[in-house]
Amino acid sequence: MDLFISKAHAAAAPAPGAGMDMLIMLLVFGLVFYFMIYRPQAKRVKEHKSLMSALGKGDEVLTQGGLVGKIAKVSDEKDFIVIAIAEGTEVTVQKAAVSAVLPKGTMKNL
């Protein structure tokens, strides 16, 4: 009967320090997650918030949609800005849609 049924063997008892090894490995993964994922993302969010708060009339900006224009009006209470993308053409966008502030004179060079 041994041919079809394997004999059950008792599992070896875990080593006394096995729980501590698992805890150290979990701590290392937590640190890697913090320094490689969370911290850089928090830094980007902080930089974008400071960019949005520093927007002013006359700044040339690039939106996430790819529009390049000059800020014509800033509305602080509603978090919207009006961007002049061409002579007589204005677009209203949220401040959060601005991805970069361009150097002065960029629109003339395009």
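Is aspartate 59 buried or exposed? Aspartate 59 counts as buried, at 17% relative accessibility; buried means under 20% relative accessible area, exposed over 50%, and partly exposed in between, with a 1.4 Å probe and protein chains only. This is a predicted model, in which local features need pLDDT of at least 70 and side-chain atom pairs count only at pLDDT 80 or more, while totals for chains, interfaces and linings use all residues. Residues are numbered from 1 along each chain as its sequence is written, and side-chain values use heavy atoms, with hydrogens and water left out.

**Overall layout**

- The protein chain has two helices and five strands; these are DSSP runs numbered from the N terminus, helices being H or I with at least four residues and strands E with at least two.
- Read from the N terminus, the order of elements is α-β-β-β-β-β-α.
- Of the 110 residues in the protein chain, 15% are buried.
- The accessible surface of the protein chain is about 9,000 Å², and carbon and sulfur atoms hold 64% of that area, as computed by the Shrake-Rupley method with a 1.4 Å probe.
- Among contacts (heavy atoms within 4.5 Å) with a separation of 6 or more, 40% are between residues 24 or more positions apart.

**Aspartate 59 and its surroundings**

- Aspartate 59 sits in the loop between helix H1 (18–53) and strand S1 (60–63).
- A polar atom of the aspartate 59 side chain lies 3.0 Å from the backbone nitrogen of glycine 56.
- Not counting residues up to four places away in sequence, aspartate 59 touches Ala54, Gly69, Lys70, Ile71, Val101 and Lys104.

**The salt bridge**

- The side chains of aspartate 59 and lysine 104 form a salt bridge, at 3.5 Å from N to O; the term requires a side-chain nitrogen of Lys or Arg within 4 Å of a carboxyl oxygen of Asp or Glu.
- Lysine 104 is in the loop between strand S5 (98–102) and helix H2 (106–109) and aspartate 59 in the loop between H1 and S1, so the pair ties together parts 45 residues apart in sequence.
- Lysine 104 is exposed, with a relative accessible area of 60%, whereas aspartate 59 is buried.
- By this rule, the count is one salt bridge.

**The nonpolar core**

- The largest nonpolar core has seven residues: Leu55, Val61, Ile71, Ile81, Ile83, Val93 and Val98.
- Such a core is a set of buried Ala, Val, Leu, Ile, Met, Phe, Trp, Tyr and Cys residues joined through side-chain atoms within 4.5 Å.
- In soluble globular proteins, nonpolar side chains tend to be buried together.
- Leaving aside neighbours within four places in sequence, valine 61 is in contact with residues including Leu55, Ile71, Ile83 and Val98.

Conventions:
Polar contact = N/O pair within 3.5 Å; in protein donor to acceptor, adjacent residues only side chain to side chain.
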